[in-house]
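My notes follow the structure.

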Amino acid sequence: MTEDAKTIPSEGGRSPARALVRSYGCQMNVYDAARMSDLLAKEGYDAAAREEDAELVVLNTCHIREKAAEKIYSELGRLAVLKEERRAQGKSLEIVVAGCVAQAEGELVMRRQRAVDLVVGPQSYHRLPALLKEAREGARVADTDFAAREKFQALPAPTKAQIAARGVSAFVTVQEGCDKFCSFCVVPYTRGAEISRKVESIIEEARRLVDGGVREIVLIGQNVNAYRGEDEAGRSTPLEGLFERLSAFDDLTRLRYTTSHPVDMTEGLIDAHASLEKLAPFLHLPVQSGSDRVLKEMNRRHDARHYLDVVERLRRVRPDIAISSDFIVGFPGETEEDFQATLALIDAVEFASSFFFKYSPRPGTPGAEREDQIDEDTKRDRLARLEARVEAQRRAFNAATVGRTLEVLFEKQGRHDGQIAGKSPYMQAVHVDGDEGEIGRLRPVKIVAAGPNSLSGEIVEAREFA
Ligand code: 5AD
Ligand code: SF4
């Protein structure tokens, strides 16, 4: 999970108003924040880098775990103080709450924090300008409708300058929402039912991004591999169909996707990892638990065997594929034996990297209603043991790349002068000494060392690339 202050590239409008969209949580929020920033720039807002410099602050919020939601209320408390100070000086600060807290808690957000002017859900943010106008006319507005189909059509296409601000790698939402209803998860309630964007609209957005300099596209969705979008002829197209179309873009060098569900890993998608050269050999495939009993109670619709089979099939067609996962420890009723089954699955798979969480009861989900909640000490203890196991695997995976030559897509300048940074096919950060002119290029890099969080290497000539 990341926190990302998204500044808004100025469109050179004369309006003195400045806006800041701050994003919390998952990649979809990062994408939504970028689209909101583009929209506000079109409305004449300049970019603010800090709340203190902004007349409009949008918090694009996350509701996935209790801590994420509480963080928003403490941030709102800080903004309320700033708003009061402004008011004393005869100035203003408009505060907007967007994203999943907005969707899940709606008007409650305004009741908990009176300084909030507007609450807008993830499917309504294309209406931000009109809603801001209503708020200015004195209404306290909460718009949390689910009308996803309208949103992408209504949003303005990003300009060249806005695309340049995205960098070398850009997200494109292809699918939103979730019909799976895992018993711990709020997403089906905050993001609604699964909806796939039309192929044409995705291809058009990707074309614009690539023409503007983007070299890697990450297709995103809460359940991205459940994607079934309509193509120009009205045919239902799976995710690999999008990858095939995007592979034909000459200047696009790499494709990724996230987040996938094990039950939607079809043969077609697995085979795409063998046949499509641009599709990176990396898959984020959350398993959550290795215990069949817990998986059933989580309503995951798969068991450990199914997950291991998917991994095996992927490795058969693409032996070097790296797998990452999410884990939850301390789901209600989880026993030590269940937890041991998770550790056994970790040993069996050998993950390249993982995210791990203590179970956090979310209001409105079946898991939160259960009486067999696990105590905090047990959760903490299991989390520490799980972390030790997956971190050891991550370090081993990184160390095993030393001596290999990997294709690195350079994304930005490094930590010091003369250094540039990029990503390996396996999502590892790689630093090399090199020229800024390499940014945006895919180059063979011989890995010479593996640190705790990144690799370092040397660019080699293509002919040395084995
Ligand atoms: N408690 C802890 N972790 C959760 N996740 C989702 N809901 C919860 C919850 N209630 C984790 C899952 C998911 C990731 C994005 O967040 O592992 O894959
Ligand atoms: Fe949440 Fe499960 Fe849907 Fe993923 S698949 S978004 S964990 S309900």
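How far is an oxygen atom of ligand 1 from an N or O atom in the side chain of glutamine 288? I read 2.6 Å for that pair, a polar contact (a pair of N or O atoms within 3.5 Å).

The model is predicted, so I note that local features need pLDDT of at least 70 and side-chain atom pairs pLDDT 80 or more, while totals for chains, interfaces and linings use all residues. Residues are numbered from 1 along each chain, ligands are numbered from 1 in the order written, and side-chain values use heavy atoms, without hydrogens and water.

Ligand 1. I looked up its neighbours (a heavy atom within 4 Å) and found 12 residues, the closest being Arg65, Phe184, Gln288, Asp326 and Ser360. The side chain of aspartate 326 has an N or O atom 2.6 Å from an oxygen atom of ligand 1. For serine 360, a backbone N or O atom is 2.8 Å from a nitrogen atom of the ligand.

Helix pair. I checked H13 (residues 304–317) against H14 (residues 336–349): the axes, lines fitted to C-alpha atoms over the stretch in contact, come within 11 Å and cross at roughly 10°. H13 is therefore roughly parallel to H14 (angles under 35 degrees). The contact (heavy atoms within 4.5 Å) includes Tyr307, Leu308 and Arg315 of H13 and Leu345 of H14.

Notes. Axes fitted to C-alpha atoms, helices over the stretch in contact; angles between N-to-C directions. Helix = DSSP H or I, 4+ residues; strand = E, 2+ residues; numbered from the N terminus. Parallel < 35°, antiparallel > 145°, perpendicular 65-115°, else oblique. Polar contact = N/O pair within 3.5 Å; in protein donor to acceptor, adjacent residues only side chain to side chain.
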